[in-house]
Amino acid sequence: MADVNITVDGKKVTAPAGTLLIEACKSVGIEVPSFCYYPNLSLQGACRMCLVKVEKMPKLQTACTTVISEGMIAITDSDEVRQARKGMVELLLGNHPLDCPVCDAGGECELQDMTFSYGAAESKYMEPKNHKEEQQWSPVVYFDRPRCILCYRCVRVCGEGMDVWALGVQNRGVGSIIAPNKEDHLECEECGMCIDICPVGALTSGAYRYKTRPWEMNHVGTTCAHCADGCKTTLGVRRSETGMEIVRGDNRDKSGINGDFLCIKGRYAFDFANREDRFVQPLIRKDGQLAPSTWEEAFELIGKRFKEAREQHGGQAIGVVGSNRTTNEENYLLQKFARVVLQTNNIDHHRTADFPAFAAALRGKPESTASMRDVFNAPAILLIGNDPTEQHPLMAWQIRNNVRLHRAKLYVVNSRDIKLRRQATGFLRIPKGAEGRFAAFLNGDDSVAENLRPVAGTGADAGESRATTQTTPAGFRDQLRSEQNLIIIFGAEIRGGDIASVVKFGSGIAGAKFLYLADYANSRGAADMGLYPDLLPGYHPIADSGKFHQEWGGVPQTPGLTLPEMVDSARSGKLKALYVVGTNPVGRFDIDPFVFSQSFVVVQDMFLTETASLADVVLPAANAYEKSGTFTNTCGDLQLVKKAAEVSGSKSDFEMIVRIADAMGADVHKLVPFGRGTAADMGQSRGAQSGEADRHSVWLEAHGLEPKMSPFDPMAILDEIQRLVPGYEVSRMNLLAGNDQRTSLVGRASGAAQNPELIAPANDHLFSSGTLGRYSRTLNSVMENHDQQPAEF
Amino acid sequence: MADLVSHPDEVRVVSRRFGMGATNLDRYLELDGYKAVQKALGMGTDGIVNEVKNSGLRGRGGAGFSTGMKWSFVPKQASKPKYVLCNGDESEPGTCKDRLIFEHDPHAVIEGVVIAGLAVGSHTGYIYVRGEYRYLLDIMQKAIADAYVRGFLGKNIFGSGYDFDVYWHGGAGAYEVGEESALMESLEGKRGIPRIRPPFPAVVGLWGGPTVINNAETLASVPHIILGGAEWYASLGPPKNGGTRLFCLSGHLKRPGVYELPMGYNLRKMIFEVGGGIPDGRALKAVVPGGSSTPVLKSDEIDIAMDFDSVAKSGSMLGSGGVVVLDETTCMVKFALRTMKFYQHESCGWCIPCREGTDWLKKTLIRFHAGGGVNKDIDNMYYLSENMLGRTFCPLGDAAAMPTMAFIKKFRKEFEDHLDGKPCPFEKAGVVESVLA
Amino acid sequence: MPVLQNIAAIAKGMSITFREMFQPTVVENYPDGPGPLKGAIFQERYRGVHVLQRDENGLEKCVACFLCAAACPSNCIYIEAAENTAEHRISGAERYAKVYNIDYNRCIFCGYCVEACPTDAITHGHGFEIASFNASDLIYRKEQMLAPMPAHMGANAVFNRDEVAAGAPSLPVQGS
């Protein structure tokens, strides 16, 4: 759009036509205060805080609703304007309770800031304030009505942003109140966006209420440990008896790939970390019982037994199971440890998507995967399978708001009436399990068209979606072919050769990009880092292990056992040792626990899961909020994981792997290339107060002095990952500064040698998160609450 | 049904058929009914708009914007359907004119809506009747049904090939909905809260279509203009203030009621001759010239012509034509309080200054009138009104602030007489409640 | 006559001594004075060991707003907040201080906390005898600093005289 020139407070401003005055002012650093205006939400003009003088207008104008026009002259700072703002604050404070000392928002309250800026702290009124009782709307949302200033942000973000419409306004005049649309409680996705967006302390979080004050916490921005979308969540941590305790999760600076968004898991489901029943010391099975022990004893025992197994039965007698929730560095280290120290390729993880086949299909097109940010800006999106609203809340948010704000066209193909159909331009309902057939159909196989008809009686619900016409599969495909820059998002229903079909179809569309949905925080990372028996990091087949062979000094040349094969091997007594890092295969795959009675089982975990309960040694692990490293989300966005909390008695998986290698007598220097080519950072390590240390590390990195003085420093192995894993050549500077970095998926010719049937989607919903979710009190209470009141979405 | 009043100075245009049984369609036809529409059908779009422009007809709802001008803003071509809205949500205290029109001459409103529709090329009209006028809905409903039966509405009206539908809609009792964009929200089934402007209704209005919205009296005047001609109508009032107007005289008067007088009629004459003066020989204290939202005039300020421009010059507004006369026994503080109670109750709660301001003004005035006032309250109330004036989302905030400021400015002495725990000096004689019931 | 001069000088000196001997004492007779303060006399403004005040209903005034901790230049105040419930009401507002510790190893008695307090909950008492052989004894808990229940609330169990005698936590010396 053409640019428009205006003058604000004597400053010349140029902005695209159609820009709001408030945004134009912001672009040159002039702050116009507002409560009700919020970028990307509909305009309200209700709070009247943004009044500015616009020349040739008789009255003051609201900057949030005024669109700039050529030659406009605006004054945002005059006595008249200041008095208007002061008057508004005075009016607001009239009924606003002065309970700042107890209010959760005290210290980060926009009304407080305005009062400081415009000075209206003295009340002119003598009458008592209107009081209303506080209400609890859901296990996690409380509403303190007198504090509400009726900016309607919560109503809009819930309706427009989340498409939930759980909030509304009741009564009129001074009796107006925000209220749930369903009687006295929220029937919603419990995302907590209303709390985040509330400029005052009217909406408060059930998890954080009255616990502490904002300035008492350290705020650490890290990556969420739950689903594969990789939202940035800021954890508020404070000292506790056992280290650093997480008190709050929120979306404090809105700088992550998730922008304004954060779902219930990123916001509240950190509470597993604070549970009393966490392991805080190593346990060793003695006389059939797990008994507390010391780290030294545990490592010594593990080292001895692993070494015995390797030396007496060879590497194939040892199995390793990795995790979808450990960092890239840990995953890389784990498979390197397995291959180099344990000398086995028997390594696997819980596969939630077929990334090897995806990588193989994208061979030669490394830049054709879509990032999370792309999803917000694409002109057209095709979604096959999955239900992002439940399984990928951020993805759903990006799609929804792209449709709302950019009029993107969304095409949905699903066997269920998923909620996103409401935003869809086209919705095609196919029978359950027909996603693969649909992929073939897309690719031109018309013979399967007949099998794509929806099951009788459960036809596409066109009335609910934006789709105006009842689409046939052929018409749907034609519509898709006419799109440009289409992003094709597909769930794990599509795997193996079907992925190639989808990619082939997409290749016929100009600018098409692809996005594959896996389920856990670092599922993509686990795949990229080679937690496969037949693939090395970067989807290198074992046969093509050239540079790894060289770098590591030897990699076993035969593909190892998959997880089910390890179980079989254990059943037949061949598997002498099993090393399980941060995962629960016994619970997840319903494995007969007696299978492992002949194997020496080591489990690193936080809780007594089904797998941990049959272990010979249990090592208390730190979770993703208690360590540093990187996560790769399902789109391939690489983000930093920062250490926020600490529970004494636990160690990071990284450290434990290194210590086990050490106990086995391996050369730790070869495993973790630490202390190379660096100058000392005077012993500074990433402690609990990691903010400072991380800023420090940015500086060090910029000067080529990055600290890698410890074998437990994940950054040391990140060097090797960046060197050896194709697609991970990102800017370290930007990564360490907290920005998300794009990795690319570099396919290999023979990468698709995987077994698609090994893929087991997690099928989590909004309030569950695999084994981890079971240990979150908040998620459980919300689920209980929703069982009593079944939600309608 | 209200009794009708009359006075020799009246010029009956809109009220021509009052009391003549014109609710009956046959009777209405006898009284030149539906002739204007038929004439308008032959005039063409521009013909109608120009005729109305030349007549000098200005909106009777309060703002006094030229009706012809308003119609000319509607784009000729539009992708969405255009609409004509009749604003019959008459809620301004002191005003009761639309009620008489609906009661005595509903077909004139329908005719006006159809002519407006012809003028802007719309095929749908809505008549929005105030919620409290429940009994008028029956009259309106019947009138519309009758017109449909005769083929005056619906497909092919008067055999002209033009289709026009008219619907009635009853409000739910909100003063705020008198504001045009709030009325549209209400009509669409939402909370009656005004919309952000621009875009103006003429471009984006009801259901996103270009919309003409006029007061019922304005629309009821249109058929007479079409029939009688623009020049005749314009000649009835002073320049730029064409025609006549229904003035609603109320308060301390011997003969209160709705009188149709030419625009520019002298206010003093209106009170003392048309309204018969103040009973029992009491003296005049103040006059509210155009409904409760207009600033009050003192007894020595009433030698003015009652047209939009002259009243504006005197520092008040002609508003909706509700002239409220207050005699010397009236307590202005109590009157201010009663007015503020109304606005506090009717504020929609959307924007801060109106929602909070009206509430604090009411609370303060209650205490003040009860004798609990302190000196700084007077200045505080004025300051509060200043903070509201011109800063609210819609004119309701102004409507509450302007009269309050006028009361304080012009009758500060009376406010001061309430200070220091003194009882209201007018308490025994106070009859304000009955004035603004 | 140097001898006489010496005698005169001694007599002069002693006369001052003997005269002052019968004047009233001006120094404070601490710690041998009367009363619980052992003779110490304080100005009203003296800043001693903190006292956490109660309101007229016997509820704690502290609402755990952390402003004292934020104002404290020596970072010696540690608070853990908790929410009041209908059954378990400690303070007048929604929140109360579950833990309120002041580390007198670090406190510099500057009074900033008192100034920061929005509810007048923390005040300086006149307690000053806090020397200890053990540094950890100098971390005072809330129970050690809380003002006693108002007289009319005497039924409160913890501060009941009999129970204190039976071993319930008692209060240190309070302000004058």
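**Chain C and its partner**

Mentor: In this predicted model, 14 residues of chain C are in contact with 11 residues of chain A. Local features need pLDDT of at least 70, side-chain atom pairs count only at pLDDT 80 or more, and totals for chains, interfaces and linings use all residues. Residues are numbered from 1 along each chain as its sequence is written, while chains are lettered from A and ligands numbered from 1 in the order in which they are written.

Trainee: What makes two residues count as in contact?

Mentor: Their C-beta atoms, placed from the backbone, lie within 7 Å. On the side of chain C that touches chain A, helix H2 (67-71) and strand S2 (77-83) of chain C each supply at least two residues.

Trainee: What makes a run of residues a helix or a strand?

Mentor: Both are DSSP runs, numbered from the N terminus: helices are H or I with at least four residues, strands E with at least two. Chain C has five of each kind.

Trainee: How many of the residues of chain C count as buried?

Mentor: Of 176 residues, 22% do. Buried means that 20 or more other C-beta atoms lie within 10 Å of the residue's own.

Trainee: Which element of chain C has the lowest mean pLDDT?

Mentor: That is helix H5 (residues 161-165) of chain C, with 53. Since pLDDT is the predictor's confidence in each residue, from 0 to 100, the value over residues 154-160 of chain C, below 50, is on that scale too. Where pLDDT is low, predicted coordinates should not be read in detail.

Note on methods:
A residue is buried if 20 or more other C-beta atoms lie within 10 Å of its own, exposed if 12 or fewer, and partly exposed in between; C-beta atoms are placed from the backbone.
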